[in-house]
Amino acid sequence: MKLALPAFGRKRGEAQPKPAPMPVRIGYVGPSASRMLDFDQNLLWVIVLLLAFGLVMVYSATIAIPEDPRFARWTQFHFFWRDLAAVSLGLIGGWVVFQFPMKFWERWAPLIFLASLAMLAAVLVPFLGKGVNGSRRWIPLGVFNFQPSELVKLAIILYAANFMVRKQEVKQKFSKAFLPMAAALAVIGLLLLAEPDMGAFLVIASVAMVILYLGGVNGKLFAAGTVVLIGAFVLMIVFSPWRRDRIFAYLNPWAEDNSLGSAYQLAHALIAMGRGHIFGVGLGGSVEKLHYLPEPQTDFLLAIIGEELGFVGVLAVTLVFAWITKRAFDIGRQALASDRMFSSLVAQGVGVLIGGQAFINIGVNLGLLPTKGLTLPLLSYGGSATLMSLLALAILLRVDFENRVLMRGGQI
């Protein structure tokens with residue numbers, strides 16, 4: 001039996017009015033929903049904090065510089081101010097680079113690559129290039145010396161990504177997909193080994209090969225190319241007495257001849273690491289920076305970090321670089337999901353560049369890898385390296401920015 005409820009405010013039999021439709025807000029998921037950020041603020045803050053930490057450690061590592069008679073005219077802030085200038089220039093340059101869409105970099109990638117090769121060749125010209133300690137790697141620009149090999153590291157990322165986008169239809173063919181890139185790497189290798197700068201060539205070749213692999217090049221060709229590159233590096237070591245001596249010195253740095261010769265820096269870096277223990281001797285308390293470890297602000301800055309901040313400091317630096325590398329690959333995968341292959345390869349290439357250099361530098365400072373002239377990105381003193389690292393990271397942030405625009409339904 002059904003009960004009829006009374007209809008208050010209307011006559012019996014009159015049709016009940018339809019309720020007014022509730023307003024609908026597209027994309028609204030509740031009062032706690034937040035607007036999607038325009039860029040990855042976490043990544044930006046990590047970069048800024050690394051730069052600030054690097055400035056502090058460069059100052060700490062070089063505070064005793066004026067005590068050396070050779071550098072008596074320099075103040076204890078000499079390297080700090082120069083590093084701050086490089087960081088400032090890199091931040092300004094990064095902001096400018098961020099303004100250009102990825103379509104711009106894709107269009108101009110081949111020309112940027114050719115320009116970087118021209119600068120790399122210019123280093124070898126006597127009246128253009130500048131030699132330091134037997135190497136010709138810099139072009140004097142008045143206020144600072146620019147190192148073209150650092151530009152080539154960024155240029156090869158853009159060029160290799162552009163190359164793989166253009167060669168998608170023939171990426172399984174040796175003559176059209178693999179051989180042209182191998183020829184480009186051969187030219188770079190000849191120019192870098194003439195400086196000489198084997199460390200830079202190792203990084204550039206590794207970045208290019210990873211981008212080829214991620215771009216889908218034939219697996220057998222990739223494996224064959226990797227074997228050829230490894231063989232080439234082995235031959236360079238075998239037929240170069242000073243490189244061979246450095247390898248053997250790395251294997252036994254405590255031998256008397258090695259610790260006073262080729263492995264001198266490595267031996268003192270290991271001493272610094274050993275003094276640091278878990279929490280370090282305290283910021284500013286390093287002994288090795290007192291003219292025992294030569295030029296600690298460059299390749300062996302991590303040894304000073306290890307001595308002053310201990311295992312905790314070294315572990316923190318390692319984890320930060322691992323996070324940056326992972327974040328770069330995540331951004332690359334997001335770009336690939338929206339069919340932007342060039343942006344995807346560039347983002348992952350930047351991750352390989354920053355993470356790979358950090359891995360090698362950390363390995364060298366811990367005595368796990370042979371000594372190479374590679375700085376620790378964003379931390380070590382080095383104007384060209386800092387500048388180009390910041391430009392590369394600015395492009396990575398641009399890829400992430402465009403990912404977010406597309407996810408919001410916008411256009412780029």
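The model is predicted. The protein chain holds 13 helices and three strands. Its radius of gyration is 27 Å, well over the 22 Å that the globule rule gives for 412 residues, so the chain is more spread out than a compact globule.

**Overall build**

- Taken along the principal axes, the C-alpha atoms of the protein chain fill a box of roughly 110 × 55 × 45 Å.
- Buried residues make up 48% of the 412 in the protein chain.
- Among contacts in the protein chain with a separation of 6 or more, 70% are between residues 24 or more positions apart.
- The protein chain carries 35 positive and 23 negative charges.

**Helix α5**

- Helix α5 covers residues 174-194, which is 21 residues. At 1.5 Å a residue it should span 30 Å. Its end C-alpha atoms are 28 Å apart, which agrees.
- Which residues of α5 are buried? They are Ala177, Phe178, Met181, Ala184, Leu185, Ile188, Gly189, Leu191 and Leu192.
- These buried residues pack against α3 (102-122), α4 (148-166), α6 (198-214) and α7 (219-238).

- Pro196 sits in the loop between α5 and α6.
- Glu195 and Pro196 are joined by a cis peptide bond, with omega at about -5°.

**Leu302 in helix α11**

- Leu302 belongs to helix α11, which runs over residues 301-337.
- Is Leu302 buried or exposed? Leu302 has a relative accessible area of 0%, so it counts as buried. The cut-off for buried is under 20%.
- Not counting residues up to four places away in sequence, Leu302 touches Met273, Val314, Val317, Asn361, Ile362, Asn365 and Leu376.
- Leu302 and Leu111 are 191 residues apart along the chain. Their C-alpha atoms are separated by 36 Å.

**Gln357 in helix α12**

- Gln357 lies in helix α12, residues 341-365.
- The relative accessible area of Gln357 is 5%, so this residue is buried.
- What does Gln357 contact, leaving aside its neighbours within four places in sequence? Its partners are Lys153, Val203, Val352, Leu374, Thr375 and Pro377.

**Two loop residues with positive phi**

- Asp339 is not a glycine, yet its phi is positive, at about 65°. Asp339 is placed in the loop between α11 and α12.
- Asp339 has a relative accessible area of 73%, so it is exposed. The cut-off for exposed is over 50%.
- Leu378 is not a glycine either. Its phi is positive, at about 70°. Leu378 is in the loop between α12 and α13 (383-407).
- Is Leu378 buried or exposed? With a relative accessible area of 4%, Leu378 is buried.
- In short, Asp339 is exposed, whereas Leu378 is buried.

Key. Residues numbered from 1 in each chain as written. Predicted model: local features only at pLDDT ≥ 70, side-chain atom pairs only at ≥ 80, totals over all residues. Heavy atoms only, no water. Helix = DSSP H or I, 4+ residues; strand = E, 2+ residues; numbered from the N terminus. Expected span 1.5 Å × (residues − 1). Buried < 20%, exposed > 50% of the residue type's maximum accessible area, 1.4 Å probe, protein only. Contact = heavy atoms within 4.5 Å. Rg over C-alpha atoms; globule rule 2.2 N^0.38 Å. Lys, Arg positive; Asp, Glu negative; His and termini not counted. Charge placed at Lys NZ, Arg CZ, Asp CG, Glu CD.
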